Amino acid sequence: SCPNHHRALWAMSRYYLRIARQTSFHELRHSERIREGVPPPECYFQRAKRFAPQDGMVSAIFGIYLHRRRELDAALAEYRIAESKNPENAELIYNMGLLFLDLNDLPLAKQYAERATSLGYPLTGLQKKIEDRETASFREDVN
């Protein structure tokens with residue numbers, strides 16, 4: 001067993017998020033506390049971070065999980081840790097751009113979109129979202 005196994009962490013996160021869509025996180029956490037078995041992903045991430053503190057991908061995956069839960073400040077903190085350890089990871093940089101867009105920081109979102117592209121990230125959804133946001137902002141300014 002390897003606590004920082006990236007695919008296992010990602011799978012646990014996706015599983016937990018899928019369950020959470022069917023119920024509230026409060027109810028989900030309560031049921032986890034009273035039920036024997038699988039703890040929430042936060043426990044696995046904390047264990048992985050203690051096991052391999054130099055592994056920035058753990059924080060990157062944790063950041064994605066938190067971002068999807070809409071815990072934006074916590075996601076940013078994890079992304080920053082991951083970025084300090086993996087500054088050239090195009091997927092991380094792309095996800096950080098998405099987070100900055102969700103935080104309504106368009107200049108930083110654009111900066112991270114450009115970095116992701118320069119690092120060879122193939123997806124262009126972030127750039128499209130930025131263009132859409134700029135177009136909407138322009139329309140508001142005109143009206």
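**View 1. The start of helix α4 and the side chain of Asp55.** In this predicted model, a side-chain oxygen of Asp55 reaches to within 3.1 Å of the backbone nitrogen of Met57 at the start of α4. Asp55 itself is found in the loop between α3 (41-51) and α4 (56-68), where it is buried, with a relative accessible area of 14%. The side chain of Asp55 also makes a polar contact, at 2.7 Å, with the side chain of His6. Although Asp55 and Asn86 are 31 residues apart along the chain, their C-alpha atoms are separated by 8.8 Å.

View 2. The buried residues include Gly56, Val58, Ser59, Ala60, Ile61 and Phe62, and the list continues with Gly63, Ile64, Tyr65, Leu66 and His67. Among the elements that cover the buried residues of α4 are α1, α3, α5 and α6. The end C-alpha atoms of α4 are 19 Å apart, which agrees with the 18 Å that its 13 residues should span at 1.5 Å a residue.

View 3. Most residues other than glycine have a negative phi. Arg70, which follows α4, is not a glycine and yet has a positive phi of about 70°. The place of Arg70 is in the loop between α4 and α5, and with a relative accessible area of 51% this residue is exposed. Asn104, also a residue other than glycine, has a positive phi near 60°. Asn104 lies in the loop between α6 and α7 and is exposed, with a relative accessible area of 63%.

**View 4. The two sides of helix α1.** The 17 residues of α1 reach 25 Å from the first C-alpha to the last, close to the 24 Å expected at 1.5 Å a residue. The buried residues of this helix are Leu9, Met12, Ser13, Tyr16, Leu17 and Ala20. They cover an arc of only 130° around the axis, which puts them on the same side of α1. On the other side of α1, Arg7, Arg21 and Gln22 are exposed.

**View 5. The largest nonpolar core.** In soluble globular proteins, nonpolar side chains tend to be buried together. Here the largest nonpolar core holds 33 residues, of which Phe45, Tyr65 and Leu126 touch the most other members. The elements that give two or more residues to this core are α1 (6-22), α3, α4, α5 (72-85), α6 (90-102), α7 (106-118) and α8 (125-142). The largest share of the core, nine residues, comes from α6. When residues up to four places away in sequence are not counted, Leu126 touches Tyr94, Gly97, Leu98, Leu101, Ala109 and Ala113.

**View 6. Glu78, a buried residue of helix α5.** Glu78 lies in α5 and is buried, because its relative accessible area is 8% and buried means under 20%. The side chains of Glu78 and Lys49 are joined by a polar contact of 2.8 Å. Leaving aside neighbours within four places in sequence, Glu78 is in contact with Lys49 as well as with Ser59, Phe62, Gly63 and Leu66.

**View 7. Gln127 in helix α8.** Gln127, which lies in α8, counts as buried at 18% relative accessibility. A polar atom of the Gln127 side chain lies 3.5 Å from the backbone oxygen of Ala113. With neighbours within four places in sequence left aside, the contacts of Gln127 are Tyr94, Ala113 and Thr117.

**View 8. The whole chain, for orientation.** The secondary structure of the chain comes to eight helices and zero strands, in the pattern α-α-α-α-α-α-α-α when read along the sequence. Of the 143 residues in the chain, 38% are buried, and the accessible surface comes to about 8700 Å², of which 53% belongs to carbon and sulfur atoms. Among contacts between residues at least 6 apart in sequence, 57% join residues at least 24 apart.

Key. Residues are numbered from 1 along each chain as its sequence is written. This is a predicted model: local features need pLDDT of at least 70, side-chain atom pairs count only at pLDDT 80 or more; totals for chains, interfaces and linings use all residues. Side-chain values use heavy atoms; hydrogens and water are left out. Helices (H or I, at least four residues) and strands (E, at least two) are DSSP runs, numbered from the N terminus. Buried means under 20% relative accessible area, exposed over 50%, partly exposed in between (1.4 Å probe, protein chains only). Contact means heavy atoms within 4.5 Å. Accessible areas come from the Shrake-Rupley method with a 1.4 Å probe; for residues, only the protein chains shown count as cover. A polar contact is a pair of N or O atoms within 3.5 Å; within protein, one must be able to donate a hydrogen and the other to accept it, and residues adjacent in sequence count only if both atoms are side-chain atoms. A nonpolar core is a set of buried Ala, Val, Leu, Ile, Met, Phe, Trp, Tyr and Cys residues joined through side-chain atoms within 4.5 Å. The expected span of a helix is 1.5 Å times one less than its number of residues. The arc is that of the directions from the helix axis to the C-beta atoms.
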